[in-house]
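Student: Could you walk me through this structure? I would like to know what holds its parts together.

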Amino acid sequence: MRHGTRRIAVIGGGPGGLYAAALLKRLDPERSITVWERNAPDDTFGFGVVLSDETLGGIEHADPVVYRALQAEFVRWDDIDIVHRGRTQTSGGHGFAALGRRRLLEILHERCQSLGVRLRFREEAPPAAELAATHDLVIAADGVHSATREAYADTFRPTLTAHRNRYIWLAADFALDAFRFEIAETEHGVMQLHAYPFSAGASTVIVEMREEVWRAAGLDTMDAAASTERCAKIFADVLGRPLRSNNSSWLTFRTVVNARWSHANTVLIGDAAHTAHFSIGSGTKLAVEDALALAACIEEEPDLPAALLAYEAERRPVVESTQRAAAASLRWFEELGTYVDQAPRQFAFNLLTRSRRVTHDNLRLRDAGFTAAVEEEFGCAPDTPPMFTPLRLRGLELRNRVIVSPMDMYSAVDGVPGDFHLVHLGARALGGAGLVMTEMVCVSAEGRITPGCAGLYTPAQAAAWTRITDFVHTSAPGTAIGIQLGHSGRKGSTKLMWDGIDQPLDAGNWPLSAASPIPYAEGVNQVPHTLDRAGLEVIRAQFAAAARHAVTCDFDLLELHCAHGYLLSGFLSPLTNRRTDTYGGPLSNRLRFPLEVFDAVRAEWPDDRPMTVRISATDWADGGTTAEDAVEIARAFVAHGADAIDVSTGQVVPDERPEYGRSYQTPYADRIRNTLVVPVIAVGAISSWDDVNSLLLAGRADLCALARPHLYDPHWTLHAAAEQGYAGPGAPWPLPYRAGSRTPPTGRTDAPKPRLTLG
């Protein structure tokens, strides 16, 4: 729909700004559009640009002239080579298209000029406010250091996050035949090379490393020429010739996020609005897609305010998804040193799936041979997905890697699990998971979260739990059942979840105890009393007594709950432990009581049965537990005999700021596993069997715990086996259910195909 957007100013002559100008001029030749670019036409940073087939499809439909020009320039390839410790692993079927950034700009310059867009090179744009007063629309495409964004910072509310690696853009005067990742383990630390062709005779080369490695290698003291020469020597095996720079310097990547993308008639696109790490090849792609969406919304909406709102509504979810994937990739390269000892194929698979956008299933479609080799190295039997391989913890062998995660049901009466628990846990045991976990089972009445929480501190409770374990062992043979023991601490005496989560009871509250007298929510929850030495001894004895009951109940595995802000977690976090005695202060002191409880429980738990510990690996809050702390917490529990670490996050303080997303907690499990080389359980928004297979095969987890998927489908594991065509010992259907082990047939949706074509 045409409206009064006639005079348009574009600040910044990068691909996003130029393409937006070209599209808007093409849609309405009467528009007056000016692009300001402070650099010369042939000035540019970097060398090559990678575009996806999806982006190219959008360009083809919007502007066939630009599309044809790009098509004529593209270098295409399918393979990714990963070189590590002298071995090259190749994965095919990926499909890349790239061209030189300078050539891309030339194509867009030519298109803009042919359409009548005014290009003003070597000229600073007037201030955005001045342009906004004289134009109907101002498009701020002025990059990561956007002056426009800063001028309206109160509206856009930007957040810029600097990261831990240094990198430099270089070029080699020959064309690689694949996208190449090469790892160099130097005396100073691990360095990595990302390289890909962008023309018949040139390749982009990016060298990246941690800040401390960069400094140890002396690169911080070198100019561009010396840095370029040094990088060529470090990666001489792949390059074999000099590199060249383009006024290149060592950079630190900054992630840009804005709360809003428009202010009145001014709108941000590309790096001014958002950035995503180069390791997933996203910057130019996102900018061009922004331009496509902005032009379409201006064309379709009745007025400019509606168009700018529609543009942001369309693009923000896509950008946020890309930023999550880019953040996962960025962090993977920041932690590269923790992966270098992985088996060769597993290392390659881990690198390829680092962003979680490439998974086991779609990598198998791209390159079945490579994926089969990774599976064989992992230990998969023929025709067996990774999730259905067994795992032994002490004397317990789990037939597959799926766990029904602990989930509070708030349905017990006086701590006694009833028929609901029998049906709930029994159904999931019949559903094929290797291990079914109870909810947090409280070690005392005062240690309950709510009046509906289950316990294990009376004979009646023990008898009820024995009824459940007997059912699992008898009716779902091969399925293990584990118990999670915990104490609510300062988060107790609250309503059932559906009546008001974390809200105190209207009546009948019981006193709370914790590491320090800090309420969970100030002014809402009661202030807990600080546990003195006698109180600590009582609670330690309660955990030990519950463990003795758990042995009698015949649980197969015991987990100690040290996460989510409950009592033991409250000792670990500096946000909830303000003690000045030997149980507070440095992490070694904050660990003291949780370790004492662990030792007391381990002493009661049979040697042949495994014991795990659930931790919150981050508090998602300033001043709280960090990822580095989590590694040390895990290290301490493993030293005391923990067989696996169940890695969750958060729920420690109410003002947390989690970074939600698919499998968002798994990087913390990954870090602990590959730093300490200990088994870990990954948990948190793992929803598909493809995610489970990917995490296991990449070496990021040993077991995967799923909660909500098992609420949606108690037979999630059996259905995952059926969907993958697996019918082996890792997921046997119960005899009464075996007739339903295949996906039910559905009605035909395909129409008969025509047999004759008559002229």
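Tutor: We can go through the nonpolar cores, the salt bridges, a surface patch and a sheet, one topic at a time.

Student: What should I know before I start?

Tutor: This is a predicted model, in which local features need pLDDT of at least 70 and side-chain atom pairs count only at pLDDT 80 or more, while totals for chains, interfaces and linings use all residues. Residues are numbered from 1 along each chain as its sequence is written, and side-chain values use heavy atoms, with hydrogens and water left out.

Student: Okay, which residues touch the most other members in the largest nonpolar core?

Tutor: Those are Phe 637 and Ile 672, in a core of 89 residues. A nonpolar core here is a set of buried Ala, Val, Leu, Ile, Met, Phe, Trp, Tyr and Cys residues joined through side-chain atoms within 4.5 Å. Buried means under 20% relative accessible area, exposed means over 50%, and partly exposed is in between, using a 1.4 Å probe and protein chains only.

Student: And what is Ile 672 in contact with, leaving aside its neighbours within four places in sequence?

Tutor: With those neighbours set aside, Ile 672 is in contact (heavy atoms within 4.5 Å) with Ile 615, Ala 630, Val 631, Ala 634, Val 647, Val 677, Val 678 and Val 680. Another core, of 65 residues, lies apart from that one, and its members include Ile 8, Leu 304, Leu 308 and Tyr 311.

Student: Switching topic, how many salt bridges are there in the whole structure?

Tutor: A search of the whole structure finds 46 of them, where a salt bridge is a side-chain nitrogen of Lys or Arg within 4 Å of a carboxyl oxygen of Asp or Glu. In one of them, the side chains of Arg 111 and Asp 63 meet at 3.0 Å, N to O.

Student: Where do those two sit, Arg 111 and Asp 63?

Tutor: Arg 111 is in helix α4 (residues 101-115) and Asp 63 is in the loop between α2 (53-62) and α3 (64-73), so their pair ties together parts that are 48 residues apart in sequence. Helices (H or I, at least four residues) and strands (E, at least two) are DSSP runs, numbered from the N terminus.

Student: Are Arg 111 and Asp 63 buried or exposed?

Tutor: Arg 111 counts as buried at 11% relative accessibility, and Asp 63 counts as buried at 0%.

Student: What about Glu 185 and Arg 85?

Tutor: Their side chains also meet in a salt bridge, at 2.7 Å, N to O. Glu 185 belongs to strand β11 (residues 179-186) and Arg 85 to the loop between β5 (80-84) and β6 (87-91), so this pair ties together parts 100 residues apart in sequence. Glu 185 is partly exposed, with a relative accessible area of 41%, and Arg 85 is partly exposed too, at 47%.

Student: Which residues are linked in a network of salt bridges?

Tutor: That network links Arg 164, Arg 210, Glu 212, Glu 335, Glu 628 and Arg 671.

Student: Last topic, in what order do the six strands of the open sheet run?

Tutor: The order is β8-β2-β1-β9-β17-β16, with mixed pairing, and two strands pair if DSSP finds at least two bridges between them. The edge strands, β8 (118-121) and β16 (262-263), each pair on one side only. β16 pairs with strand β17 (residues 266-268) in the antiparallel sense over two bridges, and Ser 262 has Val 267 in β17 as its bridge partner.
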